[in-house]
Amino acid sequence: MIDYHSNLVAALKQIDIPIHYEMTLHSGLDTPCISYMEISNIAEETGDTLGYSRLQYQIKVWSEKVAEL
């Protein structure tokens, strides 16, 4: 398993929109904002010298109007 969380958050912060973990969202948040959640992170295969993992993240952009983005 690969810990990609800090890389993902650092990349999303460059967009300069508030970022929230999906499980902490509530109705009082200001929009626009971004939410993210790790869907899966599994070791898929192991080769002779390399291991392969599958990482899946769900990223949502929340806004009242498309023009805000």
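Where in the chain is the place of Thr31? In this predicted model, Thr31 is found in the loop between β1 and β2, and with a relative accessible area of 30% the residue is partly exposed. A cis peptide bond, with omega at about 5 degrees, joins Thr31 to Pro32, and the place of Pro32 is likewise in the loop between β1 and β2. Although Thr31 and Ser63 are 32 residues apart along the chain, their C-alpha atoms are separated by 5.1 Å.

The protein chain as a whole contains 1 helix and 3 strands, and these elements follow one another along the sequence in the pattern α-β-β-β. The radius of gyration of the protein chain is 15 Å, well over the 11 Å that the globule rule gives for 69 residues, so the chain is more spread out than a compact globule. Taken along the principal axes, the box filled by the C-alpha atoms is roughly 50 × 20 × 20 Å. Of the 69 residues, 16% count as buried, and the accessible surface of the protein chain comes to about 5,400 Å², with 52% of this area belonging to carbon and sulfur atoms. When contacts between residues at least 6 apart in sequence are considered, 41% of them join residues at least 24 apart. As to charge, the protein chain carries 4 positive and 10 negative side chains, and the centres of the two sets lie 7 Å apart.

A search of the whole structure for aromatic pairs returns 2. Tyr4 and Tyr57 form a pair that is tilted, with 6.4 Å from centre to centre and 55 degrees between the planes. This pair links distant parts of the chain, given that Tyr4 belongs to the segment before α1 (5–13) whereas Tyr57 belongs to strand β3 (residues 51–62), 53 residues apart. Tyr4 counts as partly exposed, its relative accessibility being 38%. In the pair formed by Tyr21 and Tyr36, the ring centres are 5.7 Å apart and the planes stand at 70 degrees, so the arrangement is edge-to-face. Because Tyr21 lies in strand β1 (residues 19–21) and Tyr36 in strand β2 (residues 33–46), this pair ties together parts that are 15 residues apart in sequence. The C-alpha atoms of Tyr36 and Tyr21 are 5.3 Å apart in space.

The two partners of the edge-to-face pair may also be described by their accessibility. Tyr21, at 36% relative accessibility, counts as partly exposed, whereas Tyr36 is buried, with a relative accessible area of 7%. Leaving aside neighbours within four places in sequence, the contacts of Tyr36 include His5, Leu8, Val9 and Leu12; also among them are Ile19, His20, Tyr21 and Glu22, together with Gln58 and Ile59.

At 15% relative accessibility, Glu22 counts as buried, because the value falls under 20%. When residues up to four places away in sequence are not counted, Glu22 touches Ser35, Tyr36 and Met37, and also Gln58, Lys60 and Trp62. Met23 lies in the loop between β1 and β2 as well, but in contrast to the buried Glu22, Met23 is exposed, with a relative accessible area of 60%. Met23 and Ile2 are 21 residues apart in sequence and 21 Å apart in space, C-alpha to C-alpha.

A further backbone feature concerns Asp16, whose phi is near 65 degrees, a positive value in a residue other than glycine. The place of Asp16 is in the loop between α1 and β1, where the residue is exposed, with a relative accessible area of 69%.

Methods: Residues are numbered from 1 along each chain as its sequence is written. This is a predicted model: local features need pLDDT of at least 70, side-chain atom pairs count only at pLDDT 80 or more; totals for chains, interfaces and linings use all residues. Side-chain values use heavy atoms; hydrogens and water are left out. Helices (H or I, at least four residues) and strands (E, at least two) are DSSP runs, numbered from the N terminus. The radius of gyration is taken over C-alpha atoms; the globule rule is 2.2 Å times the number of residues to the power 0.38. Buried means under 20% relative accessible area, exposed over 50%, partly exposed in between (1.4 Å probe, protein chains only). Contact means heavy atoms within 4.5 Å. Accessible areas come from the Shrake-Rupley method with a 1.4 Å probe; for residues, only the protein chains shown count as cover. Lys and Arg count as positive and Asp and Glu as negative; His and the chain ends are not counted. The place of a charge is taken as NZ of Lys, CZ of Arg, CG of Asp or CD of Glu. Rings of Phe, Tyr and Trp (its six-membered ring) pair if their centres lie within 6.5 Å; planes under 30 degrees apart count as stacked, over 60 as edge-to-face and the rest as tilted.
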